[in-house]
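The entries follow the order in which I checked things.

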Amino acid sequence: MKSNASLIYSFVLVVGDFLALVAAFVFAYLIRGHLTNIPVAHPIAGSEYLRIFALLLPFWILFFALLGLYSSSIQEKRFPELGRLFIGSFVGLLFVIAYGYAFNKIVFPARLVPVYGFSLAFIFLAVFRNLARESRAYLFKYDVGITNILIVGNTKIARELVENLADHHISGYRIVGVVGNKSHAPERSPHLPVFDTFDEAVAKLRADDIHSIVQTELYANQDKNNEILEFAQTHHISYRFIPGNSEMFVGNIEVELFRSQIPVIAVHQTALIGWGRVVKRFTDLILGGSLLIIALPFMLIIAVAEKLSDIKAPILYKEIRLTRFGTKIRIMKFRSMNRHYTGMSPEEAFTKMGRLELINEYRKGGDQLPNDPRITRMGRLLRGSSLDELPQLFNVVKGDISLVGPRALYAPELEKHDKKDLILAVKSGLTGLAQVSGRRNISFEERRKIDLYYVQNWSLWLDLIILIKTIRVVLGRIGAK
């Protein structure tokens, strides 16, 4: 039996959005018309008010659909969904107002009603969407709404996909099998069925038990590729293909005609080119400058506390990092380490203090220690709250780094990554996608992959999302060390 979970969830969203909009404008009508003593400019009966909205709301929901608010691709993207809800709420309100002007009808009893209605509509829609998402995730624990997926391909991406979807109670996907070499069975799922060929997989699995096929390997034999696609089409199974060179397809892609006749795919290193760079720099100056002004009093207090804690130690610590095109810059931070170990590598510092056993522990722990003896009590407080990085706002205004970007790294650290030149296609950032995705709770390699994704998929909207998430991460001290 095919899974209709996505369709049912979309239907729930349609009904919920409709009810949220009705509730918002009913409350707006009651707040302005019945909960205040100020008379309304255009009295309108409640029944007539509801009749008009019952007529217009289907068109409002249709506009939501045109924005992609009911497609499965937006259902897991919280911030893009909120952005589209905001636009949809505003344009829908304009549609209602336009209806009143076009047919010379009184829609709102007072000018504040649409203001209240728009505000409440966005709040109600956002709350409902979040509740719906949490409810859906909760139902996964009881195997409700699970999608059965068959992964085809003996590639690194296939193994990563298996690892990411291993727990279907969290991911919502149950892997019913993998078509690949049995010697490459995933470690986290030792009992997962692995088939040598696609024919063997479909012979042992019922077609009705496969809801989706994901192919991660393009076979040299085109007939094998056609067989998989035709099987999916014949049995009405969702089909997705992940190209082997996936990094190429997550960049800024344009389809164009080469010499006006041959279609080609042009892939840019980053979307942050042309006017994008101008907009980003302007944003850094405005937001970065404003944050610097706000932060100055706090920075003065921290500077005094630093000096009182150790009068001989410098307040600021400057270190050489890499930014766009491999340019070396001096990043400023409040000092958080004991001055006797400042400027030393971890190996040098632990050797100096006679704690050689900490070297391996530090490296095995992802370049961190739970209680690093090099860090002062004041430094531990600054690092835990991220206040040690406030001086980097000067770097942002100066133009050394951006508010958002890949983490500024030491040259030896970046040498470990084979895509270092691509990461250095944009300026480093005070905060970034990797920091709000787990900070130091994720491995060095994972952080670099996330940095690479940011470089190839930059947008101003993504920057704003990261800045908002940074506030939550800092206040919650998530991943802080």
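The entries below cover a sheet, the helices on it, and a pair of helices.

Entry 1. I noted before starting that this is a predicted model.

Entry 2. I looked up the sheet. I found an open sheet of five strands with parallel pairing, in the order β3-β2-β1-β4-β5. The edges are β3 (194-195) and β5 (238-241); each has a single partner strand, so one side of each is left without a neighbour in the sheet. I reminded myself that strands of a sheet pair through backbone hydrogen bonds.

Entry 3. β1 (residues 147-152) runs parallel to β2 (residues 173-179), and six bridges join them. I looked up N148 and found R174 in β2 as its bridge partner.

Entry 4. Which helix lies across β1, β2 and β4? I found helix α5 (residues 156-164) there, running at about 160° to β1. Helix α8 (residues 222-234) also packs on the sheet, where α8 touches β1, β4 and β5. The direction of α8 makes about 160° with that of β4.

Entry 5. I turned to α3 (residues 78-102) and α4 (residues 112-140). Their axes come within 10 Å and cross at roughly 150°. Angles over 145 degrees count as roughly antiparallel, and α3 and α4 are therefore roughly antiparallel to each other. I recorded the crossing as right-handed.

Entry 6. I listed some residues of this contact: α3 contributes L82, L85 and F86, among others, and α4 contributes residues including F118, F122 and L125. Sorted by class, the contact has 10 nonpolar, two polar and five charged residues.

Terms used. Residues numbered from 1 in each chain as written. Predicted model: local features only at pLDDT ≥ 70, side-chain atom pairs only at ≥ 80, totals over all residues. Heavy atoms only, no water. Pairing = 2+ DSSP bridges. Helix = DSSP H or I, 4+ residues; strand = E, 2+ residues; numbered from the N terminus. Contact = heavy atoms within 4.5 Å. Axes fitted to C-alpha atoms, helices over the stretch in contact; angles between N-to-C directions. Parallel < 35°, antiparallel > 145°, perpendicular 65-115°, else oblique. Left-handed = near helix turned anticlockwise from the far one by under 90°. Nonpolar A, V, L, I, M, F, W, Y, C, P; charged D, E, K, R; others polar.
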